[in-house]
Amino acid sequence: MSQPSKDLFKDIVSHCKEYGFVFPSSEIYDGLGAVYDYGPNGVLLKNNIKEYWWKSMVQMHDNIVGIDAAIFMHPKTWKVSGHIDAFSDPLIDNKDSKKRYRADVLIEDHMQKIEDKIDKEVEKAFKKFGDSFDEALYRQTNPRVLENRAKIDQIQEAFRIALENSDLDGLKKIIEDCEIVCPISGSRNWTDVRQFNLMFKTQMGSVADDSDAIYLRPETAQGIFVNFLNVVNTSRQRIPFGIAQIGKAFRNEIVARQFIFRMREFEQMELQFFVRPGEEVKWYEYWKETRMKWHQKLGIDASKYKFHDHLKLAHYAKAALDIEFDFPFGFKELEGVHSRGDFDLKQHQEHSGKKIQYFDPELNQSYIPNVVETSVGLDRMFLAVMSSALQEEIIDNDPNNTRTVMKIHPVLAPVKVAVLPLMKKDGLPEKAHEIFKLLKLEFQAQYDEKDAIGKRYRRQDAIGTPYCITVDHQSLEDQTVTIRERDSMSQERIHIDQVLEIVRARVSWNTILA
Ligand code: ATP
């Protein structure tokens, strides 16, 4: 029986540390704000997520190719893309606590609190009325629910207008009108709202002169746009086609408190899909559905995902939505799907003086393609996978018998199979080593002979290893071993000759890509 942890988020952070998934950066110097390192199991999981994305996008689509562009780019890129002028967040300080917040996040959290009040009200009513409870009717008619819903609608409308007009005073007014307090000081003593550019700036070369200023890329997309012509000229792709890339991005986030959800250095997995002008809506819908299916193939409960249309569009976007995931701290953006129009290519064409166009042989005409982008944060994906996989389980209905298990899809599991000799004697380790040697040619495998067998199973459960192969005395007599399945804990006796084939069939990419 699985039970949700009381404080899942805390448990994830400590599990990540204890089992070598994620460490704070430069921890011996007390860490660096919102920067993290991936440990031995973390890097394996992260690489598997990357591989799942890359294989699904590049290998499985004949019309998508990959690139790996440099992090440093010509500084003009960021002027032309609009990031120098417009890539900023509205920030506000509390004068008493001296803490800095994103004004939009304070307002969104406030609306969420009212939403939570509504849910509590509904829950109470459900308890009171039991099975005869008509939730939809209650939500439509209960005065307290209606009053709170009206409050949310009113804030939402003011919020939308302020965002659309980049009205910083308007945002402050909402914070004042809603009487939002600083969670630390509890006071409403706020500064004005200011814009804060999120790009990290540095210098290239030995002379620190502002004309040499370059930036750490805040998104990987621009590396794709500036390479559009190179790819068209070398890959024989015809529109519609896509360019995919996985790489680091950097943002000087104001509020960076949610572990690997919001980091200052993170990784993105991005696709820019180039289409004929006029066909972007069709492809936007296509990628919206395709990307949601990609997430759901991992076997994570579908109710954990939802679409969220953007209220305010980024400076480049024509339409945009988020795929949100139910993280331990609520539904938040996991992936963005954006219709970017021809904004980026057009800008680069205008400012580089190069003709960035595509000749469409079917239409016999040249044009600047429109772009549909899908962009998922690798680290957020890591957190989503972790938070849905990690479980505390009570075994045989005995509260004293529990295990921590990561029920992660086998293709993502850091270690696919562990080989365990029942005892450290009688030739069992030698036999186990033979099997281990064979398995590690194909999979990330682990050999473990330390501690009692039960303890070793628990260790593998805690890092999500889907299969354990145990070598016992019978193995020496009849060449059989047991294979234990992580989730059911069931054990089956199989011949040693079958081990490779069975593990291969169960952890192979075919199981998810087909
Ligand atoms: P948010 O609204 O949460 O700041 P965003 O809308 O700015 O995110 P995008 O610019 O659309 O994010 O970036 C695409 C993806 O990159 C996001 O969906 C997210 O998964 C990831 N991402 C963005 N910022 C960060 C960050 N600071 N840390 C980790 N991942 C991030």
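This is a predicted model: local features need pLDDT of at least 70, side-chain atom pairs count only at pLDDT 80 or more; totals for chains, interfaces and linings use all residues.
Which residues is P429 in contact with, leaving aside its neighbours within four places in sequence?

1. Leaving aside neighbours within four places in sequence, P429 is in contact with P421, M423, K424, Y447 and E449. The residue belongs to helix α14, which runs over residues 428-439, and its relative accessible area of 12% places it among the buried positions, because buried here means under 20%. As for its distance from another part of the chain, P429 and F266 are separated by 163 residues in sequence and by 41 Å in space, taken from C-alpha to C-alpha.

2. The ligand is surrounded by 16 residues, and the closest of these are E253, R262, M263, E333 and L334. By class, the shell around the ligand consists of seven charged, five polar and four nonpolar residues. Strand β14 gives the most to this shell, contributing five residues.

3. A polar backbone atom of M263 is 2.8 Å from a nitrogen atom of the ligand, while a backbone N or O atom of L334 lies 2.8 Å from a ligand oxygen atom. For G377, a backbone N or O atom is found 2.9 Å from an oxygen atom of the ligand. On its own the ligand has 590 Å² of accessible area, of which the protein covers 88%. The elements giving two or more residues to the shell are β11 (265-275), β14 (330-341) and β17 (370-377).

4. Q245 sits in strand β10, residues 241-250, and it is buried, with a relative accessible area of 0%. A polar atom of the Q245 side chain lies 2.6 Å from the backbone nitrogen of A69. Not counting residues up to four places away in sequence, Q245 touches a set of residues that includes W53, W54, I67, D68 and A69, together with R217, T220 and I224, and also Q268, M269 and E270.

5. W294 is part of helix α11, which spans residues 280-296, and at 5% relative accessibility it counts as buried. Beyond its neighbours within four places in sequence, W294 is in contact with I49, Y52, W53, S56, M269 and M381. Two of these residues, W53 and M269, are also touched by Q245. Between W294 and Q258 there are 36 residues in sequence and 25 Å in space, again from C-alpha to C-alpha.

6. E393 is a charged residue located in strand β18, residues 390-395. Is E393 buried or exposed? Its relative accessible area is 6%, so it counts as buried, the limit being under 20%. The side chains of E393 and K407 are joined by a polar contact of 2.6 Å.

7. On the cysteines, a search of the whole structure finds zero disulfides.

Methods:
Residues are numbered from 1 along each chain as its sequence is written. Side-chain values use heavy atoms; hydrogens and water are left out. A residue is near a molecule or strand if one of its heavy atoms lies within 4 Å of it. A polar contact is a pair of N or O atoms within 3.5 Å; within protein, one must be able to donate a hydrogen and the other to accept it, and residues adjacent in sequence count only if both atoms are side-chain atoms. Accessible areas come from the Shrake-Rupley method with a 1.4 Å probe; for residues, only the protein chains shown count as cover. Helices (H or I, at least four residues) and strands (E, at least two) are DSSP runs, numbered from the N terminus. Buried means under 20% relative accessible area, exposed over 50%, partly exposed in between (1.4 Å probe, protein chains only). Contact means heavy atoms within 4.5 Å. A disulfide is a pair of cysteine sulfur atoms within 2.5 Å.
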